Amino acid sequence: MMFIRYAAYRLLTMILTLIVVSMLIFIIINLPPGDYLSNQIAELRATGQAEGVAKAEFLRTEYSLDRPLWQQYLIWVGVAPGPQGFSGLLQGDFGWSFEFDAPVADIVGDALWLTVLVNLAAVLFVYLVALPLGVLAAARSATWVDYTTAFVGYLGLATPNFLLALMLFYYGNKYLGLPIGGLMAPEYEGEPMSLAKVQSVLVHLIVPTFVIGTSGAAAMMQRLRANMLDELSKPYVETGMAKGLAPAKLLTKYPLRMAFNPFVADIGNLLPAMVSGSVLVSVVLGLQTIGPALLTALKSQDQFLAAFVLMFVALLTLIGTMISDLLLVLLDPRIRYGAREG
Amino acid sequence: MSTLPDGRFIDDAPYDPNVDLSAPERSDMDAPNWVLVWRKFRKHRLALISGIFLFLAYMAIPFAGFISPYTPNERSADYLYHPPQAIKFWHEGEFVGPFVYPTTGSADLENFQWVYETDTSRPMPLQFFCNRTEYKLFFLIPADRHLFCAPEGATVFIFGSDRLGRDVFSRISYGAQLSLTVGLIGITVSFILGIGFGAIAGYFGGWIDWVVNRAIEILRSLPELPLWLALSAAVPSNWGPVSVFFIISIILGLLDWPGLARAVRSKFLSLREEEYVRAAEMMGAKPSRVIRRHLLPNFMSHLIASATLSIPAMILGETALSFLGLGLRAPAVSWGVMLNDAQNLASIEIYPWTAIPMLPIIIVVLAFNFLGDGLRDSLDPYT
């Protein structure tokens, strides 16, 4: 019961946050002077193509770009009627991309799922790598295991993601025969799901996952190591050792469980970084996620597309953070039984 | 000290039975805080070396023109994509001092790439303190003296040249001017915002605290890079390189403050209840004075350590933005702008030296990390 109440509260805050975030995003997107169409009109006028101007003017009123900003926002969200009545994010209409001359939903389509997939894979990678290495580094602290993992971790933190991506792609292809570019072999694009397609996607995922996950894994590993070291120096560990508990059991039974909390709570910090990384890496590696779409949309002021992509990215991290908060409550009885108000 | 006939050593100073036994330790106990911090910091070898390295790197910024043999946008049209040249000392078993072999380039029309042939028969000694292209020392004083430059008829590309025949080494040392300072300006912005909002929220509490806290939560839950991209896409394209540089640094700082504000706030919440704060308030100190004189100095050192740890994120952020073409723009030289050239696989494969700017980035970011870790460990000398 407690849990359901907490979950409901968490969902409510998430929705409120999302509303604020949508305003923020809309303002940022509209910071540059003018819009895609007014720029186009100016260009058409300058080159003396009068017939195009009328169409662009028509589109401006059609997408209510000639109204004040707050009205545009309300229409975009779908709480105020536009020229076609209520038609905004809430109604599932994500707007029109001027650059591609198609509905935003058509352009991002598959990319949404691939984005989720890439980020999910990266998060999994972070946990799979950071958990054993962090515990190992703590258990064997001040030995070569510790130093090597620390060094590799630091290097992972310091190397710019996109360069790591380029390097790994190049050498992965040269020596391991890993495929270059994209998230699936070209022949599977637009094809229905099949075993071969899944396989192709998985093989293509290796390098991006590694690249996006490395810095997150390094940070996570260091934190887990520090937490573990704190726990390991406590008297109960010594007691366990004195009573003859097997080292592996001693390690996993209590200290790991204690050190695990911040590990889960940290997903809130991890996810934004991960999504950032995936946008960058997608652009460099030409993955069919929403990263490249965001970049082109921002460069050409294709505002509805850019705003939608930003909204989606924000939603992704917010949902992730919420899940981690809920997991934390399930995991830690101290939080579960109301040590925290709210 | 003197030696007795039987070989024992003895102190010449007269024995004083009244001397305070704890005196040797006393000097330690009474040492000012910064001495204790320094003693502890000195033991972190890696942090110390990183600190010295960063200090030298920042000191070298105004002398970029002097250190580099070329100016950043100087093109050698005959030497496009020139591979790195080694500086040699011995020619055919004979010591000649630092010299380079001259090279001649030709276009390989089969593979469409430039190939260079080295003429190993003529060693051409480097010139030192020579007069070449003009630059501005300290960004103000016109000067034309370079630490070293190529002899007439040869080139000295330590790290090779890029697609326009510009020297990569010179560009790296000029690029440091922007790449290294972007983090400093960014952290200043983030510091002002973070301490300001954190202090107000922590000190006054109530609804202000609530509002600031929500703002922090929202900003922290958003992915940074897409927002950076969106903000820097809003920078007008007709702005000059200097204004673009400042606005980009400010954008980097704008999204960084929530972490700092959170730390400041939680610290303030606990310190606010201390007696000395109460005392200051009773004596009529205004909130701004209590915050500045009594509360902030308490953990300024911690803030500095955490700032050191967040500078690398900004350096990497600038690199990423410039790399994607939304950060600093072409006539400006930064490491990210340079890497923009190494964007595709072909250049990594055929001209790997265009990716050399990644080395200074990695080294500087590592150095900041080590320095920050060392500072954080040593700033609490009493533990």
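## Helix α7 of chain A

The cover over the buried residues of α7(A) includes α8 and α12 (267-285) of chain A, along with α11 (287-323), α12 (335-339), α13 (345-350) and α14 (358-378) of chain B. Helices (H or I, at least four residues) and strands (E, at least two) are DSSP runs, numbered from the N terminus. The model is predicted: local features need pLDDT of at least 70, side-chain atom pairs count only at pLDDT 80 or more, and totals for chains, interfaces and linings use all residues. Residues are numbered from 1 along each chain as its sequence is written, while chains are lettered from A and ligands numbered from 1 in the order in which they are written.

The buried residues of α7(A) are A:Asn161, A:Phe162, A:Leu163, A:Leu164, A:Ala165, A:Leu166 and A:Phe169. A residue is buried if 20 or more other C-beta atoms lie within 10 Å of its own, exposed if 12 or fewer, and partly exposed in between, with C-beta atoms placed from the backbone. A:Gly177, with a positive phi near 70°, follows α7(A).

## Helix pairs

In chain A, the axes of α7 (residues 161-176) and α8 (residues 195-232) come within 9 Å and cross at roughly 145°. Axes are lines fitted to C-alpha atoms, for helices over the stretch in contact, and angles run from 0 to 180 degrees between N-to-C directions. The contact (C-beta atoms, placed from the backbone, within 7 Å) involves A:Asn161, A:Leu164, A:Ala165, A:Leu168, A:Phe169 and A:Gly172 of α7(A), and A:Val207, A:Phe210, A:Val211, A:Thr214 and A:Ser215 of α8(A).

In chain B, α7 (residues 224-233) and α8 (residues 241-254) pack at about 150°, their axes 10 Å apart. B:Trp228, B:Leu231 and B:Ser232 of α7(B) meet B:Ile248, B:Ile251 and B:Leu252 of α8(B).

## Sheet in chain B

Three strands of chain B form an open sheet in the order β3-β4-β7, with antiparallel pairing. Two strands pair if DSSP finds at least two bridges between them. The edge strands, each pairing on one side only, are β3 (88-91) and β7 (124-125). Strand β4 (residues 94-100) of chain B is joined to the antiparallel β7(B) by two bridges; B:Val100 has B:Met124 in β7(B) as its bridge partner.

## Residue B:Leu269

B:Leu269 lies in helix α9 (residues 257-271) of chain B. This residue is partly exposed because 14 other C-beta atoms lie within 10 Å. B:Leu269 and B:Ala107 are 162 residues apart in sequence and, C-alpha to C-alpha, 69 Å apart in space.

Note on methods: Two residues are in contact if their C-beta atoms, placed from the backbone, lie within 7 Å.
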